[in-house]
Amino acid sequence: MDIKYQQKSRLYDLFAQIGKALSSPGRLELLDLLTQAPRTVEELAVETGMSISNTSQHLQRLKQAHLVATEREGTFIRYRLAASAVGELWHTLRQVAEQQLSDVDLALDDYRERRHEFERISAQDLRLRLQSRDVVLLDARPTVEYETGHLPGALSVPVETVEQLLKSLPDDKTIVAYCRGPYCVLADEVLAMFAQAGRQVARLEEGVTEWQMAGYEVSRA
């Protein structure tokens, strides 16, 4: 076999390693969660509903492809994305799937039953309305994700805390919520509770990753 052909094949074999690592729904969900915040195996297992053993195997496969890295904290191993480019790769993969696979939109409607119930607000419009102070911005993700990075001015309001805040937020402002992006139901659940209480609500479809990719800054606790 020609040496140049072998060298070229080696290159494409290396590229294929990334594709193979991404060829599992479970591993893609883990990457999606790790774009939000570093987590331990145990935490990721709880979030995904997978067993600890299965979660660990998927993470090791991602680590072999250098898509995730680890940090030791005492007796725990915390996983994180190996580079910001990995999060961008996941975002691009989603975009290609949205454009090329019509079933993605149908599947999203099935998953997010309230997807079309709320007014949608763009990131650009949200920035303007935050400046004019006529909205209250809520981050519906778990606290650990909020502390890792959140939109400027956002309040941390996981679903389980909404009832405590219903009466404390000003009633003359629109409640805007966001979570992990367009494939996340947490913001929908938060907005449904405020809407049921008679509040004006809107959803930001983008999450922190999309916000950063648009060139906007995030805040950290």
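Me: How many salt bridges does the structure hold?
Reply: The structure holds 18 salt bridges, each being a side-chain nitrogen of Lys or Arg within 4 Å of a carboxyl oxygen of Asp or Glu. Because the model is predicted, local features need pLDDT of at least 70 and side-chain atom pairs count only at pLDDT 80 or more, while totals for chains, interfaces and linings use all residues. Residues are numbered from 1 along each chain as its sequence is written, and side-chain values use heavy atoms, with hydrogens and water left out.

Me: Which residue does arginine 39 meet in a salt bridge?
Reply: Arginine 39 pairs with glutamate 145, at 2.4 Å from N to O. Glutamate 145 lies in helix 8 (residues 143-148) and arginine 39 in strand 1 (residues 39-40), so the pair ties together parts that are 106 residues apart in sequence; helices (H or I, at least four residues) and strands (E, at least two) are DSSP runs, numbered from the N terminus.

Me: And are those two buried or exposed?
Reply: Both glutamate 145 and arginine 39 are buried, where buried means under 20% relative accessible area, exposed over 50%, and partly exposed in between (1.4 Å probe, protein chains only).

Me: Switching topic, where do arginine 10 and aspartate 13 lie?
Reply: Both lie in helix 1 (residues 3-21), 3 residues apart, which is about one turn of the helix, and the closest N and O atoms of their salt bridge are 3.5 Å apart. Arginine 10 is partly exposed at 46% relative accessible area, and aspartate 13 is also partly exposed, at 35%.
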